[in-house]
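Visitor: I would like to learn how to read a model such as this one feature by feature, with the general idea set beside the particular case. Could we work through it together?

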Amino acid sequence: MNAPIDVSFFARAAKPISSYRPYWAKRFGVAPFLPMSRAEMEQLGWDSCDIILVTGDAYVDHPSFGMSVVGRVLEAQGFRVGIIAQPDWTSAEAFKALGRPNLFWGVTAGNMDSMINRYTADRKIRSDDAYTPGDEGGKRPDRAAIVYSQRCREAFKDVPIVLGGIEGSLRRIAHYDYWSDKVRRSVVVDSKCDLLLYGNAERALVEVAHRIAAREPIEQITDVRGTAFVRRPGDPTAAGWIEIDSTEVDTPGRVDSHINPYLTTSEQAQAQGQSCAKEEGGAEVAEVNPAIQTLKFLPNPALQGKGRLKVPLRERSVIRLPSYEQVKSDAVLYAHANRVLHLETNPGNARALVQAHGEGATARDVWINPPPIPLTTAEMDFVFDLPYARSPHPAYADEHGRHDGATKIPAWEMIRFSVNIMRGCFGGCTFCSITEHEGRIIQSRSEDSIIKEVEDIRDKVEGFTGVVSDLGGPTANMYRLGCKSPEIEAACRKPSCVYPGICSNLHTDHGPLIKIYRRARALRGIKKILIGSGLRYDLAVKSPEYVKELVQHHVGGYLKIAPEHTEGGPLSKMMKPGIGSYDRFKQLFEKFSEEAGKKQYLIPYFIAAHPGTSDEDMMNLAIWLKKNGFRADQVQTFYPSPMATATAMYHTNLNPLKGIHRDERAERVDIVRGEKRRRLHKAFLRYHDPNNWPLLREALKAMGRADLIGNGKQHLIPTFQPMTDGAYQSARRKNSTPVAKGNGAPGKGRLLTQHTGLPPRETGAGKRKPR
């Protein structure tokens, strides 16, 4: 049976984004590209912009770029929208290029957090930027959301600023900042924005835009889900809310005892701390047969809130988190605040949050409304069916009018021939920011909308050779998956639907996805459809038919998956399945590849230095890699992104997944800090690199595992040391290392992988024309 397209509880809960009366400027029609200059505005017949969007990315008019989606959604509401992309932030002049916006500024750092975009996991500056023409680095400032907001305020002081994007989402409360190694204030405070929209914000954005257009002061717009803003003490808009101390959220409430009818009158009285007048008067008490066990009565949770025990209404409750000053100086309170934040993420039951910043005259509260109601399938279709040009803005074209030469934008090239079929992820991996931004509830497009986009790529996108590079999203195989019961989903507070095991209430039917694959590849002009999104293999093994479909028709030589580790310690801190799930998927993968007569290979990815990972864990992972014939070329080191649960572990040495205590009940987490230990964990992943052998020999001896040093097949590293420069050089600048000499066939017992000789993967990009 197919999963339902819409979740009924959420479908009823919000006004459709396509149901608003269009703004008067809709008469100007649709722009081929949203204007980036005054000349373009004049060509469209505009004298001004209603809304100006500022972004740290180059402007690519494609639904995979957040600012393009925001712009087209607002345009569909009738607003005139201009874009200022990657402006010179050293002064306010570049922010005046399109004039004064009539309604508000929309500000984002871009598709990535600006700090993650610019710095490696070792805090080294990157030389490139995939969201910039020519892959050029340095085109956006550090903490771009703050800097852009300041410049917008300088350019036109009285224009409201609405902040959005993933940088705003992940910094909406006081958060640990890896780059400065300290806790920073909410970005709402530091940017001085009027309103922050977090998550995929189409629903909130459309409502806010129409309310501002109706001349409602932005400081009075405090009731929109998915928004955050500053409130001063005594603000009248906060009246009527019931404030709850966050320290009470995880503790049991008061339970009224029930009278046990099997007790004698005197026993009932004693249980209530009273005496029995009848017994005091000398009346005889019936003897109780000790062989008869009395029933024990427990309170009915369904009756809570009825009778004497009053539970505050969730929609009028706000949880008071520890203040910025408290979490900044107290790791236990920081971990506690992080835990509460992640408990309040389900749109069906989340409560508002509030966190104080400052004291005395500077005191103010950052107020965070509950998450936005997810988009229905009809609304997802509305967003993705808008008239995107599916190309970078003409301003980025080279002297030949093309975008695949010196001015190529790598991020666009990567998704140029791909289709996003869904949003959200219920995996809950602690190191990942998808759930914090997009939510746990899967929002899926309709089959017809997806097929229409594939046909548009085939018919309209220059350079298409018949190969669709991806049909996916945050994960490849969560399309149309969700809770079997809308009521259970609305009440659920679990951080993951698939950890420690797959929830019994979760649909795992991949039938709708299989149907899309078959229909898409049957289209005229489509030669191949590859799946490039990360695969949730523990879900995939629940549907062998899906694995067969994937392996026999949609794998281009290799398939990347991410077990992340082999050992239980780090996996439990990641909330990832055990390596046994990988083994089961590998068996199916190899079985169906053999049936199809294809040589195809799995490429597993792993994380080094994740919280909870010991040196022994990394050693065991290295042994597993060698045993299975893998030589990892790219090494992924844990990167503490703002607000992630794993980042809270990194900062506090505590595990928010287990509850937070100040005593021995708290679970302490082993954190990999310091350059030398991080280098060691990366070295274990690249055990085959001679540059790493001296460090590994030293570590293995210190760990009492010198038996792994030797020149036999059973050894991890050899005793000899060739001449090396001692530096790490990635052999994989593109998507593959050079093909091995000969026929490239692996030796017996050894897997051929992308890193040991697979040819480059086809992406569907056309060959560059000679000049």
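Visitor: What is the volume of the second largest cavity, and which residues lie nearest its centre?

Guide: In this predicted model, the second largest cavity has a volume of about 70 Å³, and a search of the whole structure finds six cavities of 30 Å³ or more. Ten residues line the second largest cavity, and those nearest its centre are Pro-604, Tyr-605, Phe-606, Ala-632 and Gln-634.

Visitor: How many residues of each class make up that lining, and which element gives the largest share?

Guide: The lining of the second largest cavity divides into six nonpolar, three polar and one charged residues, and strand S22, residues 601-608, contributes the largest share of that lining with three residues.

Visitor: Where does S22 stand in its sheet?

Guide: As a general idea, the strands of a sheet pair through backbone hydrogen bonds, in either the parallel or the antiparallel sense. Here the order is S21-S22-S23, an open sheet of three strands with parallel pairing; strand S21 (558-564) and strand S23 (636-637) are the edge strands, each pairing on one side only. Between S21 and S22 the parallel pairing extends over five bridges, and Lys-560 stands opposite Ile-603 in S22.

Visitor: How many of the residues of strand S12 are buried, and how are they divided between its faces?

Guide: The general idea is that in a regular strand the side chains alternate between the two faces of the sheet. Strand S12, residues 352-357, is mostly covered, with six of its six residues buried. On one side stand Ala-352, Val-354 and Ala-356, and on the other Leu-353, Gln-355 and His-357, so that both faces of S12 are covered, given that a residue counts as buried under 20% relative accessible area.

Visitor: Which strands pair with S12, and is each pairing parallel or antiparallel?

Guide: Strand S11 (residues 317-320) runs parallel to S12 and is joined to it by three bridges, with Leu-353 in S12 as the bridge partner of Ile-319. Strand S13 (residues 364-368), by contrast, pairs with S12 in the antiparallel sense over five bridges, and here Gln-355 stands opposite Val-366 in S13. S12 and S13 form a hairpin with six residues between them, and in the turn Gly-358 has a positive phi of about 85 degrees.

Visitor: Which residues does UniProt list for "binding site", and where do Cys-429 and Cys-432 lie?

Guide: The UniProt record, an unreviewed entry, lists Cys-425, Cys-429 and Cys-432 for "binding site". Cys-429 lies in the loop between strand S16 (422-423) and helix H15 (434-438), and Cys-432 is placed in the loop between S16 and H15 as well. Cys-429 counts as buried because its relative accessibility is 15%, whereas Cys-432, with a relative accessible area of 23%, is partly exposed. Apart from neighbours within four places in sequence, Cys-429 is in contact with Arg-536, Met-574 and Lys-576.

Visitor: And for the protein chain, how many helices and strands are there, and what percentage of the residues is buried?

Guide: The secondary structure of the protein chain comes to 26 helices and 23 strands, and buried residues make up 55% of its 771 residues. Among contacts in the protein chain with a separation of 6 or more, 75% are accounted for by residues 24 or more positions apart.

How values were computed
Residues are numbered from 1 along each chain as its sequence is written. This is a predicted model: local features need pLDDT of at least 70, side-chain atom pairs count only at pLDDT 80 or more; totals for chains, interfaces and linings use all residues. Side-chain values use heavy atoms; hydrogens and water are left out. UniProt positions are given in the numbering used here, feature names are shortened, and annotations may be inferred rather than shown by experiment. Helices (H or I, at least four residues) and strands (E, at least two) are DSSP runs, numbered from the N terminus. Buried means under 20% relative accessible area, exposed over 50%, partly exposed in between (1.4 Å probe, protein chains only). Contact means heavy atoms within 4.5 Å. On a 1 Å grid over the protein atoms alone, a cavity is a set of points where a 1.4 Å probe fits but cannot get out, and a pocket is an open set with protein on both sides within 12 Å along at least five of seven lines; lining residues have an atom within 4 Å of a point. Grid points are joined across faces, edges and corners, and a volume is the space filled by probe spheres set on the points. Ala, Val, Leu, Ile, Met, Phe, Trp, Tyr, Cys and Pro count as nonpolar, Asp, Glu, Lys and Arg as charged, and the others, Gly among them, as polar. Two strands pair if DSSP finds at least two bridges between them.
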